[in-house]
Amino acid sequence: MADTIYFLILVPMVYLAAAVFVVGIVGRVARILASPPHGSTLRIFPARRASGLRALADTFLMPQARKHTPVFWVFLMLFHLAFLLLILGHLDLIPGVGLMPADSPHMLGGGAVGVAVTLAILYFLLRRMQGPVREISTLGDYLLLLLLLFLALTGGMISWANSWNQANGGFVISKQDFGAYLASLLRFDFASPRDLLPGSHYIVVVIHVFLANLFLMVFPFTKIIHTFFAMPLNRLRRG
Amino acid sequence: MEAALQEKLKGLMASKLSREMRLYLDTCARCGICIEACHAYASMPETRYTAVARAETIRRLFRRYFKAEGRLLPGLGETIELDDAALEKVHETAYTCTGCRRCMTYCPFGIDTQMIQGIAKLLLIGADREPKLLTMLADMSIAKGETIRDTKGAFEQAVRNLEAEVIEKWRGEAGREAIPVGVKGADVLYVALAGKHSIIPAAAIMNAAGEKWSLSYFEAVNFGAFVGNPEKTREISRRIIDEATELGVREVAICECGTAYRVMKHQTGRHPFEVISFVDLMERYLRDGRIRVDRAKLDGSRVTYHDPCQMARNGGVIEEPRRVLRELAGDFVEMRPNRGENWCCGGGGGLVAMGEKDFRMKSARVKAEQVRATGATVLATACENCHTQLSDLNEHYGMGVRVAFLSQLVADALVQA
Ligand code: SF4
Ligand code: SF4
């Protein structure tokens with residue numbers, strides 16, 4: 001029974017999550033594009049040259065946040081950068097991507113990015129639980145942060161648990177094992193993940209993937225959509 | 001609330017859902033970076049006065065009726081029902097927000113709270129709960145556009161009565177009207193407010209510059225924009241656009257009224273004429289040497305300038321007033337923050353017209369402190385709303401300044417050749 005559930009989470013649910021993610025985002029963007037344009041400028045002044053570049057900088061460097069909430073900004077940058085590296089690190093597991101040297105047993109970032117993300121999420125949670133930010137927070141805000149926190153914690157546990165076997169010259173579940181699992185997903189061959197992922201902390205992997213699936217599925221329907229909308233919005237402000 | 005009314009309000013809300021509005025409504029991360037941006041919150045720290053809380057009221061309605069997730073999971077704490085209690089809240093958020101858009105300079109996404117409050121204001125109109133005074137004033141403006149033929153004579157007579165005062169400030173050429181009206185092919189159509197303070201100094205300045213100008217029959221102020229009624233806003237601007245087109249003027253200069261300027265400059269599309277602010281015009285006259293001013297008039301005065309939100313941050317008229325003031329005053333100091341980041345005076349969004357004195361005074365404490373910190377004795381500005389609000393603040397907080405329109409300072413200092 002448990003094995004069936006694990007299989008459902010690790011294989012079909014991943015496809016479902018990816019489909020919801022893509023269809024959800026496409027739907028959301030389509031809805032916006034189908035709406036009539038506002039018709040007049042929404043920019044603010046003073047006007048500066050190279051507004052496109054500035055909108056880009058606003059999006060990726062958040063100078064407004066740096067100016068008005070500098071500590072928060074440090075954690076925001078840390079979180080977003082580390083998150084980006086985590087995405088790259090996970091993609092790197094796919095055989096043949098090769099961001100890290102082929103013979104390295106480590107994921108991109110070597111566990112440090114996971115720690116960085118976790119610290120940032122903890123800061124976000126603490127910040128949200130105090131003062132006026134607490135008053136503007138909704139249940140959904142906390143649930144999202146908790147989802148991210150457990151996602152990061154289980155991810156961290158996996159890489160930590162893997163290092164136990166390092167003394168014997170290898171990880172319990174090696175990068176190659178994860179690579180085989182991802183390759184199988186990409187081949188749609190519905191192979192049993194248990195056969196590909198040895199190790200007693202398999203259950204943690206299952207939980208991690210389950211949370212990741214959830215994350216992908218809520219992505220288009222929550223404020224995380226700002227990933228895609230931050231740039232167009234900043235262009236509106238810059239004019 | 002009756003189902004029919006609810007449907008009507010949902011329809012009104014839908015009419016506001018442009019691409020940009022949807023982006024604004026979809027994106028807020030509730031990060032709270034904008035919390036400190038609002039003068040109302042900075043002056044009286046209550047969460048309901050933050051930009052994010054104001055917008056959240058509208059977002060919750062939006063999610064409830066326009067988003068699948070809100071329809072499916074209304075219990076997640078991110079939706080509210082459209083009922084009487086919600087409308088109360090909508091009223092509070094809409095008419096405690098001056099639409100200054102200062103929060104846009106804090107938000108990492110630049111979310112436009114004023115635009116979101118446009119939904120709030122439209123819902124209130126739909127529910128017949130908007131401030132009636134604003135609608136009445138908007139209707140009066142529109143009616144004036146319709147009855148212009150009958151009222152033209154009375155208007156012209158009223159204008160003639162003001163001419164003596166213009167001449168007191170500037171003796172024009174003999175035989176030339178001090179306040180020309182209905183001049184075909186004029187270079188500038190000046191759109192004033194209903195009040196001689198908005199006509200006399202400007203007339204003196206334009207006469208001094210030898211401008212070929214004409215006074216508009218209409219007042220610039222757009223109460224349609226204050227009350228958030230898109231049709232009335234359009235109709236009110238249309239009167240002026242038609243007049244300018246008919247006269248074939250080159251430029252339409254909007255008097256010192258921030259909202260009138262922004263609406264006409266940035267929200268009415270392209271025209272066969274240029275839209276400028278009267279501040280631009282004064283700056284140009286000074287730069288080109290068409291008028292001269294006597295700095296001695298402000299000797300011993302320290303002058304500071306309040307950037308009206310709709311002129312500066314939302315309109316782009318930022319350096320021109322400073323250049324004018326540097327010509328006028330030896331001791332000009334900036335308040336901090338300034339330009340695009342200036343604190344709102346607390347009088348915008350229709351609040352001055354509505355009265356609301358108690359809230360206006362309390363919510364603008366930071367403005368009074370900011371002005372006081374400059375040590376200025378003259379507080380110049382270029383917006384009718386700001387002028388009224390700053391004068392009230394001056395009295396309420398004992399700021400000890402003289403609040404003056406830029407045009408008034410220039411007109412007082414004109415040097416007769
Ligand atoms: S537009 Fe101005 S008044 Fe309204 S929430 Fe933003 S800062 Fe406050
Ligand atoms: S700063 Fe922007 S994203 Fe953050 S809470 Fe305010 S409006 Fe929302």
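## Cavities

Searching the whole structure turns up four cavities of 30 Å³ or more. Here a cavity is a set of points, on a 1 Å grid over the protein atoms alone, where a 1.4 Å probe fits but cannot get out, and lining residues have an atom within 4 Å of a point. Grid points are joined across faces, edges and corners, and a volume is the space filled by probe spheres set on the points. Rolling a probe the size of a water molecule over the atoms shows where empty space is left.

A quick word on ground rules: this is a predicted model, where local features need pLDDT of at least 70 and side-chain atom pairs count only at pLDDT 80 or more, while totals for chains, interfaces and linings use all residues. Residues are numbered from 1 along each chain as its sequence is written, chains are lettered from A and ligands numbered from 1 in the order in which they are written, and side-chain values use heavy atoms, with hydrogens and water left out.

## The largest cavity and ligand 2

The largest cavity has a volume of about 150 Å³, and ligand 2 sits in it (more than half of the ligand's atoms lie within 2 Å of the grid points). Its lining comes to 17 residues, with B:Cys28, B:Cys34, B:Val52, B:Cys107 and B:Ile111 nearest the centre. Helix H4 (residues 51-66) of chain B gives the most to this lining, namely four residues. By type, the lining splits into 13 nonpolar, two polar and two charged residues; Ala, Val, Leu, Ile, Met, Phe, Trp, Tyr, Cys and Pro count as nonpolar, Asp, Glu, Lys and Arg as charged, and the others, Gly among them, as polar.

What about the shell around ligand 2 itself? Its members (each with a heavy atom within 4 Å of the ligand) include B:Cys28, B:Cys31, B:Cys34 and B:Cys107, along with B:Arg30, B:Val52 and B:Phe109. That shell divides into nine nonpolar residues, one polar and one charged.

## Chain B overall

Chain B has 20 helices and eight strands; helices (H or I, at least four residues) and strands (E, at least two) are DSSP runs, numbered from the N terminus. Its radius of gyration is 22 Å, close to the 22 Å that the globule rule gives for 417 residues, so chain B is as compact as a globular protein of that length. That radius is taken over C-alpha atoms, and the rule is 2.2 Å times the number of residues to the power 0.38. The C-alpha trace spans about 75 × 50 × 30 Å along its principal axes.

Two backbone details are worth a look. B:Arg336 and B:Pro337 are joined by a cis peptide bond, with omega about -5°, and B:Pro337 is in the loop between strand S6 (332-333) and helix H16 (351-354). B:Asp128, although not a glycine, has a positive phi of about 60°; its place is the loop between helix H7 (113-126) and helix H8 (132-146).

## Chain A

Chain A has twelve helices and zero strands, and its C-alpha trace spans about 60 × 40 × 40 Å along the principal axes. There is a cis peptide bond here as well, from A:Phe45 to A:Pro46, with omega near 5°. A:Pro46 is in the loop between helix H2 (12-34) and helix H3 (51-61).

Notes. 1 Å grid on protein atoms, 1.4 Å probe; cavity = no way out; pocket = protein on both sides within 12 Å on 5 of 7 lines; lining within 4 Å.
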